[in-house]
Amino acid sequence: MNGAWMAAKLLRAAATLLLAVTVVFIVLRLAGDPAEILFGDNVGEESLIRYRALWGLDQPLGVQYLLYLRSLLLGDFGLSSQSGASAWQLMMGRLPYTLQLGGVSLLLAVLIGIPAGVAAALARGSLTDRVVMLAAVSSFCIPNFVLGVVLILVFAEQFGWLPSHGTGGIWHLVLPALTLGTGWAGVLARFARSAMLEVLGQPYIRGARASGLTEGRVRWRHALPNAAIPLVTILGFMVGGLVAGAIVTESIFAWPGVGRLLVDSVKLRDLAVVQAIVLMVAATMVAANLVVDVLSAWLNPRLPAATGA
Amino acid sequence: MDVALAVPPVTRVDTPPLLALWQITVDFAARGGGMVRVVHGIDLDIRPGETLGLVGESGSGKSVTCLAALRLLPAEAQIGGRIAFDGADIARMGAAQLQSLRGGRIAIVFQDPAAALNPTQTIGWQLRERLVRHQGLRGEALQAAAIAALARVGIADPAQRLEDYPHHLSGGMCQRAMIAMALTGKPSLLIADEPTTALDVTTQAQILALLRDLQRETGMAMVLVSHDLGVIAESCARVAVMYAGRIVEQGPTTEIFATPRHPYTRGLLDSLPRIDHVVARLAAMPGALPQPGRLPPGCSFAPRCDRARPACVANMPRLEMQGARALRCLHPHDGPPAPPGIVQMEPGADQQGVPMVEAQALGLRYAPRRLLGLFARGAAVQAVDGVSFTLHRGETLGLVGESGCGKSTVARMVAGLLTPSNGALRFAPERNAAPGVPAPRFAQLVFQDPLGALDPRQRIAAQIAEPLEIHRIGNAASRRAEVLRLLDAVGLDPALAEAFPHRLSGGQRQRVVLARALALRPPMLIADEPFSALDVSVQAQVIELLAELQAREALTLLFISHDLRVVRRICGRVAVMYAGRIVETAPAERLFGSPQHPYTQALLAAVPSPDLGARPSHQPLRGEPPSPLRPPPGCRFHPRCAMARPLCRVEAPALRELFQGQAVACHVAHGDA
């Protein structure tokens, strides 16, 4: 891995973020005059003018854009029109909950999905393979809102074993994490299976077997590291989509995460909060991609970054 | 598995065999249920220290037999018969025993060395892993053994190469590394499964010489699997010829090659174009190898055999022992084959004829890759440098050289697919005659891989008619008639017009590609390795077809190939390329008869010949072609040239004419014919 490659990747990441900021700015302005959206027809023209002057909305669009960029760079994401609190702080207050839920779900998905997929590949055509694939397909075919509701009905309503909503202890996390993680586990299982099968069919696996290496060594030291290369890419997508993916689950379980904040803010037209969240999602995506690039280069010496060419 | 009645046949040998295969059968699960037998009872003995050649076309079962011997086939495959190695029954070995045998006393190297190495680990990691497995080494002794292992197979700078990943190394280097890994278990038997098929001819000669040296040094036995009779003739004392999962003829190589008795063996030898002479017509066997599971009744070869009689169709002949030889044929040939009808090649169209293509100092430079358009990574690559030639109407020019020499790049520039970065291409006026007449009607390309060149979802007729549709020639009915005419011209059954490509064999597909290329009736064809993907018997058929079409339609042909034997059969004039430059050009008779450039001489000497007595006495060409990133100064061949002088290191030689029509870019060549 070399400096020029890293610098180029960082530059590209920064460019992507700038593009996201710009798109958010344009979309929010296209949505209409924020003053009118906020006050509707209830307020006189004079108040609107004063409001626009207060927030700089009477400036030319270019100036508004530059001012917007400047405030973002200074960490100022504006104030929530509902509570008057800083949008940044509102979001950061919720973020730990989303990270907690998403992290646990993802961990669950990785720990279940990848071993299941690898096991299916190693026992291709067997009963294990068929059961794993059936489970995988079913798991990502069931929408989160259905799975969440079913889990609540069975484990919270019927048996009363687990809490159905809100936060508290580790038990509150079980149902939402299962809901969110199941689909991901299914996706990972499928990808892990096909990646592993692809690698197991490669001539170098036959070569490793032919030189008398034990089956364990062939599988874990030769096949798995090569199969991990495509899996890292998929995992990157999942991490990047974590916040957006959690919206439905957070709503079902009344989980006080960023996803629910986003839904509430959209309903209330709390633009500052919405754009803060959208930018945060964009930043997560970009960061996840960067991590994927670095990890892939580390796993795959054929990539240009790894060769240092 | 029917291993119960295991009484190996009595062999008339003095030494007990090292590996004995007895009645080996292999069945694979067929698509749509059931089993398909691909190997039908193979008996083979390999004695200590001997070299056995296993020859046959792809699909004949030779690789499967070898993999079966080590139980390396996928679990779905069923192996029958008995495999005895040094008295132990491999079929009954437990996993642990089998694993210590594999890579231990029996080692195997495979065809595509770059793919047979793990791409995400260094050469050193993979080599050390095998050393730990088979020699139990650790620490400094391990590292020292790894370095010694690479040095032993002729890899320069071994300590450095240990840190490299497989993709850093050339194919030849990868194969050397594979051989080093195979030797870690000190094998008494090495199975080499097409070890040089993916390599260039000079690299092939190096690897074969290395294998011979190692064998002499260690006394190990070797099974050399190859489809190339030349490779077998040069390396093996004994040979077994396989056809459709059975051995059809077996015996000492000298005897088999001098008096081949099975019509298939004789057909294989006759199908192979020679480097030293040109036959009037390659005696191509008709048809192709039958698919497993669709074998004809009786002798599997009978449908392609000109000696077949009713008895051949009724019964599968047995493999009969006759002294040291074995033969499976009811009506074998007797005595040596008739001498081939050697012809003097006509020098082709007259040199003063109309030029179709004139290339002047053609060059192609690939700019370095850039990151975000800012940082240049690596240097520019000069793939082709100062290439000049003239291709006259009706002439067949062969462009030969090893992979990476720039021959395909030249072909693509002539075809208009790449724009030269230096120099000029001038074409016959008809290319630009009518404004709006595009280049495809002037020259058509034929590529190497016929399956990749055909759309799997379109019927054959539609694909052949497509150029006519694009150029709005004729109507539906006339196009249909034209397709049938073209199918007939390339020797295909018109019934195949409505078939999809997957139903066709490799040879049939290449015929379709030829038919499509001829649809616009171009005066010129550019063929880039058109026969490399084909087996020798099918290759002979398509070579004859192309030669016939070329003569009948007076086509001008630019023929790109690494196979000098094929070039010898097809081309009237030849240009040899090395590292982006033409080093020699001459009429084929002269080039093959008295090559002048040291590289041309080395290239010709490296071509394996099935003719007896042609065993290589010379040292194969050392080293590898230079990286196009860092070509050596002066003559690009000088680092590998035995005759290089100080001048060669500083000044690049220009092409100069030594004889009528024979030009050489060499400071040393004098032209003593």
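Chain A is divided into domain 1 (3-73) and domain 2 (88-307), with bounds from an automatic or database domain assignment. This is a predicted model, in which local features need pLDDT of at least 70 and side-chain atom pairs count only at pLDDT 80 or more, while totals for chains, interfaces and linings use all residues. Residues are numbered from 1 along each chain as its sequence is written, and side-chain values use heavy atoms, without hydrogens and water.

**Between the domains of chain A**

- The C-alpha centres of domain 1 of chain A and domain 2 of chain A are 33 Å apart.
- Domain 1 of chain A puts 15 residues into the contact and domain 2 of chain A 13 residues (contact: heavy atoms within 4.5 Å).
- About 1,200 Å² is buried between these domains, 86% of it from carbon and sulfur atoms (buried area: accessible area, 1.4 Å probe, that two parts lose on being put together, summed over both).
- One salt bridge is found across this interface (side-chain nitrogen of Lys or Arg within 4 Å of a carboxyl oxygen of Asp or Glu).
- D293(A) and K9(A) form a salt bridge, with closest N and O atoms 3.2 Å apart.

**Between chain A and chain B**

- Contact involves 29 residues of chain A and 27 residues of chain B.
- The two chains bury about 2,500 Å² between them, with 62% on carbon and sulfur atoms.
- One salt bridge is counted between chain A and chain B.
- R217(A) forms a salt bridge with E129(B), where the closest N and O atoms are 2.5 Å apart.

Technical notes
Chains lettered and ligands numbered in written order.
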